[in-house]
Amino acid sequence: MRVWLPIILLILLITTGCSEGNQTSEGSDKVGGDNLEGEWSGSIQVPDQPLNIIVEFREEESLQGEISIPAQNIEDYPLDQVKLNGKELTFQMSISGQSLRFIGAVEKDVIKGTFTQSGQNFNFELQKQKDSSSSESEENFMTIETITGTLYGSLLLPEKGSKHPVALIIPGSGPTDRNGNSPGIQGKNNSLKLLAEELADRGVASVRYDKRGAGKNAQAVTKEGDIRFDQFVDDAKQWIDKLNADKRFSEVVVIGHSQGSLVGMIAAESGSTDAFVSISGAGRTFDQLLEDQLSESLPEDLYQESLTILERLREGETVKEVSDPLMSVFNPSVQPFLQSWMAYDPAEQMRGTEVPTLIVNGTNDLQVTKKDAQILADANPEAELLLIEGMNHVLKKAPEDREGNIKTYGNPDLPLAEELVPGIMDFLTHHGVK
């Protein structure tokens, strides 16, 4: 496992949010930067699984650059110390006081060199792309300013009309990007992107944003031990305020998926939000939901250990000694965040929700079952419940068996469950959002 440390460490640092703040390329230097400008793509040659990367260089007062790592949902993360001296090129990523360094040589349209992290070295190679334009560059972004930096949200407007209702689409847990994709999945499902596109076709604008630590918001993170669930809620509230102040929009709707359901439930306050849609939202506290999920995926000894850890967390304690297989869930540095998440009871929050509410769940959702949807519906009898036969957690029609269901998580060509968007639109129309 030692050879995988750089990749595992990079995932951990980004996904749990431990940067000291925004990094810039101040102090960069250049010699002959004209040939370097543009997009370069390639990979870091980690054994058995090369890590694909995309690097964009540009010339301003000095050389600047950003790196994207699609497999880890990192997009446009700023580089430090971009220096080109003759053919020798150096640049680095600064994360949590640690520098991940690239040293290479430029030969026409190829950059070859060594990537170094934690004392381990791996070869990397990049090739210059003739056409550096991408679908992301054509997106229209809105921004909000937070204490940890700028957050970007992708705005999608209907083609016709000048004023529209707008939906704020809040993604789920982990480093989920604005399209609904997360690292560790073989491919992309693009569920939230497809949702935004179908809403636009029906006259509803939308803003969807990357979670902190993902996509264009990879650098807007806080120290690992300092992040709390309330920060996600504050982000959503700030987006809601931004949309309410924009004269292009007639009403503001909040759509929260998975963890985003709880975030949206708390943020969607009467007077600032015209309607709320919960999709695949848990009805139980995070620790209760996690117990069920771990019972299906862990051997008995690790499951019992996880139960002990959860009980300690409920009591307000943290656990320093955690078995390696459980570190991805119960790393001591993220336990305070888990406690802040566990403190919120979705059913209790739903009980106090005063805006028109639609609760949506798929019958083949492996992560959040229709039982959770019913718990939410029981907590708020005025809410509407929509159960979609065969829909899974990524909003696609999928088989009940786990293997076949999970395969849909990496298939962006599968359409959304056909009942989803019409169901949302019927609800919005019924409550005067159109």
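Start with the whole protein chain on screen: of its contacts (heavy atoms within 4.5 Å) between residues at least 6 apart in sequence, 64% join residues at least 24 apart. This is a predicted model, in which local features need pLDDT of at least 70 and side-chain atom pairs count only at pLDDT 80 or more, while totals for chains, interfaces and linings use all residues. Residues are numbered from 1 along each chain as its sequence is written, and side-chain values use heavy atoms, with hydrogens and water left out.

Now colour by secondary structure. The protein chain has 12 helices and 17 strands; these are DSSP runs numbered from the N terminus, with at least four residues for helices (H or I) and at least two for strands (E). Of the 434 residues, 53% are buried, meaning under 20% relative accessible area with a 1.4 Å probe, protein chains only.

**Stop one: Thr 146.** Select Thr 146 in strand E10, residues 140-146. Is Thr 146 buried or exposed? With a relative accessible area of 16%, Thr 146 is buried. Its side chain reaches the backbone oxygen of Gly 149 at 2.7 Å. The side chain of Thr 146 also makes a polar contact with the side chain of Arg 212, at 3.3 Å. Such a contact is a pair of N or O atoms within 3.5 Å; within protein, one must be able to donate a hydrogen and the other to accept it, and residues adjacent in sequence count only if both atoms are side-chain atoms. Beyond neighbours within four places in sequence, Thr 146 touches Leu 151, Arg 212, Asp 235 and Gln 238.

**Stop two: helix H3.** Next, select residues 229-244, which form helix H3. Buried residues in H3 include Phe 229, Asp 235 and Trp 239.

**Stop three: two serines.** Pick Ser 258, in the loop between strand E14 (249-257) and helix H4 (259-267). Ser 258 has a positive phi of about 60° although it is not a glycine, and at 14% relative accessibility it counts as buried. Then move to Ser 280, in the loop between strand E15 (275-279) and helix H5 (286-295). Ser 280 is not a glycine either, yet its phi is positive, about 55°. How buried is Ser 280, and what is its relative accessible area? Ser 280 is buried, at 0%.

How values were computed:
Buried < 20%, exposed > 50% of the residue type's maximum accessible area, 1.4 Å probe, protein only. Expected span 1.5 Å × (residues − 1).
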